[in-house]
Amino acid sequence: MRYLLLLLVLLLTVGPFLWELSTSLKAPTEDIFTRTPGFLPRKPTLGNYAEVVRAVPVWTYAANSLVVAAITVGGNVVGATLAGFALARLRFRGARLVLGIFLATLVLPGEVTIVSQYVTVRSLGLADTLLGVALPGAIGMLNVLLMRTAFRAIPGEMDDAAIVDGADVWQRLIHIGLPSVRGMLSVIAIFAFIGAWDDFLWPLIVLTDPDKYTLTVGIQYLNGTFSANPRMIAAGTMIAFLPIVVVFAALQRFFFRGVEEGAIKG
């Protein structure tokens, strides 16, 4: 029963991805609307990917997405680390109030604050810019709480010993804190990258210049231009999905280490 449940979860999670991959490799002469659809393509081809590259400026959109993802990841890694360390290891007036505010923001869905976010970005003159797309997600409240939990798992005696040796706050952060939370940092980096790369609604609202579109927004042109050819839509989806696979494959060792640290020490 245990393996059957695992197999069911595997089919529900990986099945749609494999189906999209199979559709993107099917030749134009192969019917994908048959009553009994075939999973494996009879004549696999990469021509659909080439057609997507010719139809839309994929590389421009991918570069824009990378800029947004880099700003978002950098902001979360730096900002969440500093905020989490301050909430976990420093004593200051109003710390509980600040923590309560962070927790309260998690209750609000993103759609509630999207109007105020757009008004703020527009008032700053960042509308129709990649920085305006990345700014609202530069520091995630959940990431701050994750870093706070990771820093609180460090024994307090290490801080006390460092203070006795004359270490200031920055030295304690760099030499004691950061080496102990590298796994959680990788978790935050992966989540921030996936969130920035996959975001569709916010870039669609902020950006008006097609040359500044991110990849997820730019791929929508395939649905309008090639609405009768789902092979190209599937190929575009796979192109947008590939960077996430690469990033997760590169950081999976640190990702699972961070998850284990949070499960054991948090």
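How many residues apart in helix 2 are Arg54 and Glu51? They are three residues apart in helix 2 (residues 47–55), and are therefore separated by about one helical turn. The views below come from a predicted model, in which local features need pLDDT of at least 70, side-chain atom pairs count only at pLDDT 80 or more, and totals for chains, interfaces and linings use all residues. Residues are numbered from 1 along each chain as its sequence is written, and side-chain values use heavy atoms, with hydrogens and water left out.

View 1. A salt bridge here is a side-chain nitrogen of Lys or Arg within 4 Å of a carboxyl oxygen of Asp or Glu. By this rule there are three salt bridges. Helices are DSSP runs (H or I, at least four residues), numbered from the N terminus. An α-helix has 3.6 residues a turn, so residues three or four places apart point the same way. Arg54 is exposed, at 58% relative accessibility. Glu51 is partly exposed, at 29%. The classes follow relative accessible area: buried is under 20%, exposed over 50%, partly exposed in between (1.4 Å probe, protein chains only).

View 2. Arg89 meets Asp159 at 3.0 Å, N to O. Arg89 lies in helix 3 (residues 58–89) and Asp159 in helix 8 (residues 156–164), so this pair ties together parts that are 70 residues apart in sequence. Arg172 also forms a salt bridge with Asp159, with the closest N and O atoms 3.9 Å apart. That pair links helix 9 (residues 169–180), which holds Arg172, to helix 8, across 13 residues. Arg89 is buried at 15% relative accessibility. Asp159 is buried at 6%. Arg172 is buried at 9%.

**View 3. Helix 4 (residues 95–107) has a buried face.** This helix has 13 residues and reaches 19 Å from its first C-alpha to its last. That is close to the 18 Å expected, taking 1.5 Å times one less than the number of residues. Ala95, Leu99 and Phe102 are buried. Seen down the axis, the buried residues of helix 4 fall within an arc of 55°, so they line one face. The arc is that of the directions from the helix axis to the C-beta atoms. On the other side, Arg96, Leu97 and Val107 are exposed. The buried residues pack against helix 3 and helix 7 (141–152).

**View 4. Val52 and Leu215 touch the most other members of the largest nonpolar core.** This core has 34 residues. A nonpolar core is a set of buried Ala, Val, Leu, Ile, Met, Phe, Trp, Tyr and Cys residues joined through side-chain atoms within 4.5 Å. Several helices each supply at least two residues, including helix 2, helix 5 (110–123) and helix 10 (182–198). Helix 14 gives the most, with six residues. Leaving out residues up to four places away in sequence, Val52 touches Val58, Leu222, Met232, Ala235, Gly236 and Ile239, where contact means heavy atoms within 4.5 Å. Another core, of 20 residues, lies apart from this one, with Leu99, Leu145, Phe151 and Leu185 among its members.
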